[in-house]
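Keep it short and plain.

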Amino acid sequence: MLKNEISNILADLFNKSFAVGIFPYALKIAKIIPIHKKDSKLECGNYRPISILSNLDKILEKLMYKRIYSFFETNNIIYDLQFGFRKNYSTNLALLSLTESINQQVDNGKYGCGIFIDFQKAFDTVDHNILLSKLCHHGIRGKAND
């Protein structure tokens with residue numbers, strides 16, 4: 001069957017990618033589409049680019065994500081109050097946790113307050129060298145960090 005032949009070839013490609021620490025160049029090619037975010041559609045700054053990648057890229061990304069996430073979970077690296085991008089952790093749970101914390105402070109006769117900052121476009125400003133050094137610090141080294 002064709003699916004058996006393709007799955008073996010893909011498994012081989014993905015395993016080799018992990019073994020040598022190289023993401024296949026062909027899977028890095030993306031179609032960039034501007035998505036309107038707010039205000040006037042005539043202002044370029046009101047658009048955010050998104051990358052449309054191939055299905056094979058998505059599969060390889062998901063495999064790597066599962067490996068890294070499993071490593072972080074096993075080694076207890078993820079902060080308990082990290083709500084974003086985690087299974088079974090939602091914005092509702094974050095708000096509930098915050099509300100409970102403030103209620104405890106008020107119940108103990110203390111003040112409770114919050115400072116809320118919207119880091120608009122924060123993901124786009126991540127310094128990749130700092131990110132890679134933090135991954136290395138937390139145990140993602142060698143081929144996986146490559």
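This is a predicted model: local features need pLDDT of at least 70, side-chain atom pairs count only at pLDDT 80 or more; totals for chains, interfaces and linings use all residues.

Residues are numbered from 1 along each chain as its sequence is written, and side-chain values use heavy atoms, with hydrogens and water left out.

Helices here are DSSP runs (H or I, at least four residues), numbered from the N terminus. Helix 2 has 20 residues. From first C-alpha to last it reaches 28 Å, close to the 28 Å expected at 1.5 Å a residue; the expected span is 1.5 Å times one less than the number of residues. Just after helix 2, N76 takes a positive phi of about 55°.

Now the charges. Side chains of opposite charge can pair when their charged atoms come close. A salt bridge needs a side-chain nitrogen of Lys or Arg within 4 Å of a carboxyl oxygen of Asp or Glu. By this rule the count comes to 2 salt bridges.

| Salt bridge | N to O distance |
|---|---|
| D12 and K16 | 3.6 Å |
| R86 and E73 | 3.8 Å |

D12 and K16 both belong to helix 1 (residues 2-20). They are 4 residues apart, about one turn of the helix. D12 is partly exposed at 41% relative accessible area. K16 counts as exposed at 52%.

The pair of R86 and E73 has another setting. R86 forms its salt bridge with E73. R86 lies in the loop between helix 2 (55-74) and helix 3 (91-107), and E73 lies in helix 2, so the pair ties together parts that are 13 residues apart in sequence. R86 is buried, at 12% relative accessible area. E73 is partly exposed, at 40%.

Which charged residue is buried yet has no salt bridge? That is D57, which lies in helix 2. The nearest side chain of opposite charge, K58, is 5.0 Å away. Beyond its neighbours within four places in sequence, D57 is in contact (heavy atoms within 4.5 Å) with F23 and L27.

Definitions and conventions. Helices (H or I, at least four residues) and strands (E, at least two) are DSSP runs, numbered from the N terminus. Buried means under 20% relative accessible area, exposed over 50%, partly exposed in between (1.4 Å probe, protein chains only). Lys and Arg count as positive and Asp and Glu as negative; His and the chain ends are not counted.
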